[in-house]
Amino acid sequence: VTAEPARAAIARLNATPPLPPDSGSNRTSARKAKRLSGQDLERIRAAAHAANHKNADNLDDFLESSTLTGARPCEWPNARLQPSTVPGFKWEMQFNCAKGGNGRSHSPRRTLRWIDLPPDLLTVLRRWMNTVDSAVAENRYEKLQKALGDLMYRISGNIFQRRKRCPTLYSPRHEAAARWKSEYMAGSATLEQRLDGAAMVASLLGHASDSTATTHYGRPHRGESGGLIYPTPVPDGAEVAHVRKRLARKVERLALRSARTSPKP
């Protein structure tokens with residue numbers, strides 16, 4: 001693939017708008033915020049505890065853990081945290097990919113590795129995973145997930161009344177994607193670096209290609225205030241290689257399509 005058609009293909013990928021949201025209730029994607037700033041997170045926490053809600057602590061732990069890992073709510077029951085055996089990394093997590101059954105994930109599981117994790121964040125993550133394990137053992141995780149979703153919905157509706165989009169249980173995943181895009185894609189000097197960065201982000205999110213991460217998830221951070229600071233994970237090399245192969249084929253197809261539709265000199 002030559003450089004100019006490939007660049008045009010990437011530009012078209014980035015410029016493609018997301019599918020229009022379905023009309024319906026306030027819980028549709030039309031109302032879901034794709035960012036979760038530090039200020040918003042603190043307001044949600046304060047509101048939950050001010051109401052003395054029984055799930056306030058669980059919501060705290062879920063939001064922190066999901067913003068760290070980019071996990072979907074439904075992915076937590078099969079999550080696994082363990083010391084990493086890969087040199088240079090202290091911790092790693094694996095999640096079953098929620099989209100694995102329809103070809104949208106790169107493999108059945110996705111892997112995240114960290115050089116280290118702060119003790120306080122590690123404590124929150126372990127506590128949340130213990131909460132999930134207990135709920136699963138008692139066959140009530142879906143009930144817990146619904147309770148947290150309802151609590152988040154009520155709180156967001158109350159404190160963000162003037163917003164068209166409010167934070168939901170999926171907002172931490174979007175926030176994680178934005179952070180990772182800022183880390184791995186923003187400032188790429190060459191096309192190859194940008195493609196590598198896109199494959200890294202897609203791998204961390206469990207996607208088979210970069211399109212969902214690039215198009216439907218939050219934009220990269222560009223130094224704005226209020227951003228959450230979490231250690232950036234590193235994806236598994238084999239998973240990245242799988243995504244990179246699919247991405248290369250996709251870019252080639254788009255480049256050929258671009259060449260066919262470009263005006264002839």
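The questions and answers below go from the overall layout to the sheet, the helices, the core and the salt bridges.

Me: What kind of model is this, and how many helices and strands does the secondary structure come to?

Reply: This is a predicted model, and everything said about the protein here should be read with that in mind. Along the sequence the elements follow the pattern α-α-α-β-β-β-α-α-α-α-α-β-α. The secondary structure comes to nine helices and four strands.

Me: What share of the residues in the protein is buried?

Reply: Of the contacts with a separation of 6 or more, 74% are accounted for by residues 24 or more positions apart. As for burial, which here means under 20% relative accessible area, the count is taken over the 265 residues in the protein. Buried residues make up 46%.

Me: In what order do the four strands of the open sheet lie, and which are its edge strands?

Reply: The sheet is open, its pairing is antiparallel, and its strands have the order β1-β2-β3-β4. An edge strand pairs on one side only, and this holds for β1 (80–83) and for β4. The edge strands are therefore β1 and β4.

Me: How many bridges join β2 to β3, and which residue stands opposite Arg110?

Reply: Strands of a sheet pair through backbone hydrogen bonds, either parallel or antiparallel. Here β2 and β3 run antiparallel and are joined by six bridges, while β3 and β4 pair in the antiparallel sense over two bridges. The residue that stands opposite Arg110 in β3 is Phe95.

Me: Which residues of β4 are partners of Leu112 and Arg113?

Reply: For Leu112, the bridge partner in β4 is Pro235. Arg113, in turn, has its opposite number in β4 as well, and that residue is Val234.

Me: Is β3 mostly covered or mostly open, and which helices pack on the sheet against it?

Reply: Five of the six residues of β3 are buried, so the strand is mostly covered. Helix α3 (residues 56–69) packs on the sheet, touching β2 and β3, and its direction makes about 95° with that of β3. Helix α7 (residues 191–205) also packs on the sheet, touching β3 and β4, with its direction at about 110° to that of β3. The strand is thus mostly covered, and the helices are α3 and α7.

Me: What distance separates the end C-alpha atoms of α3, and which residue just after this helix takes a positive phi?

Reply: At 1.5 Å a residue, the 14 residues of α3 should span 20 Å, and the distance between its end C-alpha atoms agrees, being 20 Å. The helix is mostly covered, with 13 of its 14 residues buried. Just after α3, a positive phi of about 70° is taken by Gly70.

Me: Which residues touch the most other members of the largest nonpolar core, and which element gives the most to it?

Reply: In soluble globular proteins, nonpolar side chains tend to be buried together. The largest nonpolar core holds 53 residues, and Leu59, Trp76 and Met93 touch the most other members. Not counting residues up to four places away in sequence, Leu59 touches a set of residues including Ile44, Leu148 and Leu169. The element that gives the most to this core, with nine residues, is α7.

Me: How many residues apart in sequence are the parts tied together by Arg163 and Asp40?

Reply: The structure holds 13 salt bridges, and one of them is formed by the side chains of Arg163 and Asp40 (2.8 Å, N to O). Arg163 lies in the loop between α5 (141–159) and α6 (171–184), whereas Asp40 lies in helix α2 (residues 38–50), so the pair ties together parts that are 123 residues apart in sequence.

Me: Is Arg163 buried or partly exposed, and what is the relative accessible area of Asp40?

Reply: Arg163 has a relative accessible area of 32%, so it counts as partly exposed. Asp40, by contrast, is buried, with a relative accessible area of 7%.

Me: Which residues form salt bridges with Arg113?

Reply: The side chains of Arg113 and Glu92 meet in a salt bridge (2.8 Å, N to O), and both residues are buried. A salt bridge also links Arg113 with Asp236, which is buried too, the closest N and O atoms being 3.0 Å apart. The residues are Glu92 and Asp236.

Note on methods:
Residues numbered from 1 in each chain as written. Predicted model: local features only at pLDDT ≥ 70, side-chain atom pairs only at ≥ 80, totals over all residues. Heavy atoms only, no water. Salt bridge = Lys/Arg side-chain N within 4 Å of Asp/Glu carboxyl O. Buried < 20%, exposed > 50% of the residue type's maximum accessible area, 1.4 Å probe, protein only. Pairing = 2+ DSSP bridges. Contact = heavy atoms within 4.5 Å. Axes fitted to C-alpha atoms, helices over the stretch in contact; angles between N-to-C directions. Expected span 1.5 Å × (residues − 1). Core = buried A, V, L, I, M, F, W, Y, C linked by side-chain atoms within 4.5 Å.
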